[in-house]
Amino acid sequence: MKIKMKLRYKILLFFVIDIAVTLLIPFLSVKLIPSDAGMAVCMLLFFLVYPILSVLLGIFTSRDMKHLWWMPLFGALSFPLLFSLAMGGMVEELYAYSIIYIFLGYAMAGLLLIIKRIML
């Protein structure tokens, strides 16, 4: 299975963005922002940033579903682990959010594949 070099750079960029958004932003919000505002930042992450990241992942995945089918799954499953690492303890409720993010990523990829089939 050969993956083009340009695609490898995009995958590497995905890993960097995923780690930055899922690990660094919550870690910095815990350390630098007061507790009440930190909770607001976490809510913005849960309900705005991570869903947008999942949708963008679905859009990127739909371009080459044969090689990139795993990206929405990896992005959503790495979320509870990295977020818990940033917060300093495991939170089991994050798996429910992770399932929603998996659904968003694959739903967007599927929707775009259907639209591409209709347009052809």
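Student: Which residues make the nonpolar surface patch of about 430 Å²?

Tutor: This is a predicted model, and in it the patch of about 430 Å² is made by Leu-44, Leu-48, Val-49, Ile-52 and Leu-56. One of these residues, Leu-44, lies in helix H2.

Student: What makes these residues a patch?

Tutor: A patch takes residues with over 30% relative accessible area and no salt bridge, and nonpolar side chains are joined within 5 Å. Leu-44, Leu-48, Val-49, Ile-52 and Leu-56 make such a nonpolar patch.

Student: Which residues form the positive surface patch?

Tutor: That patch is formed by Lys-4, Lys-6, Lys-10, Arg-63 and Lys-116, and it is called positive because Lys and Arg count as positive. Among them, Lys-6 lies in helix H1, which covers residues 5-32.

Student: Why does Lys-6 count as exposed?

Tutor: The word exposed is kept for a relative accessible area over 50%; Lys-6 has 60% relative accessibility, and therefore it counts as exposed.

Student: Why is Ala-20 called partly exposed?

Tutor: Buried means under 20% and exposed means over 50%, with partly exposed in between. Ala-20, which lies in helix H1, has a relative accessible area of 27%, so it is partly exposed. In space, Ala-20 is 9.8 Å from Leu-82, C-alpha to C-alpha, although the two are 62 residues apart in sequence.

Student: Which residues belong to the largest nonpolar core?

Tutor: That core has 12 residues, namely Val-21, Cys-42, Leu-45, Phe-46, Tyr-50, Leu-53, Ala-76, Phe-79, Phe-83, Leu-94, Tyr-101 and Ile-102. The elements that give two or more residues to this core are helix H2 (35-62), helix H4 (71-87) and helix H5 (94-119), and the largest share, five residues, comes from H2.

Student: How many helices and strands does the protein chain have?

Tutor: The protein chain has five helices and zero strands, and from the N terminus on its elements run α-α-α-α-α. Buried residues make up 33% of its 120 residues, and along its principal axes the C-alpha trace spans about 50 × 30 × 20 Å.

Key. Residues numbered from 1 in each chain as written. Predicted model: local features only at pLDDT ≥ 70, side-chain atom pairs only at ≥ 80, totals over all residues. Heavy atoms only, no water. Patch = residues over 30% accessible without salt bridge, like charges linked within 9 Å, V, L, I, M, F, W, Y side chains within 5 Å. Areas by Shrake-Rupley, 256 points an atom, 1.4 Å probe, with all protein chains shown as cover. Salt bridge = Lys/Arg side-chain N within 4 Å of Asp/Glu carboxyl O. Charge placed at Lys NZ, Arg CZ, Asp CG, Glu CD. Helix = DSSP H or I, 4+ residues; strand = E, 2+ residues; numbered from the N terminus. Buried < 20%, exposed > 50% of the residue type's maximum accessible area, 1.4 Å probe, protein only. Core = buried A, V, L, I, M, F, W, Y, C linked by side-chain atoms within 4.5 Å.
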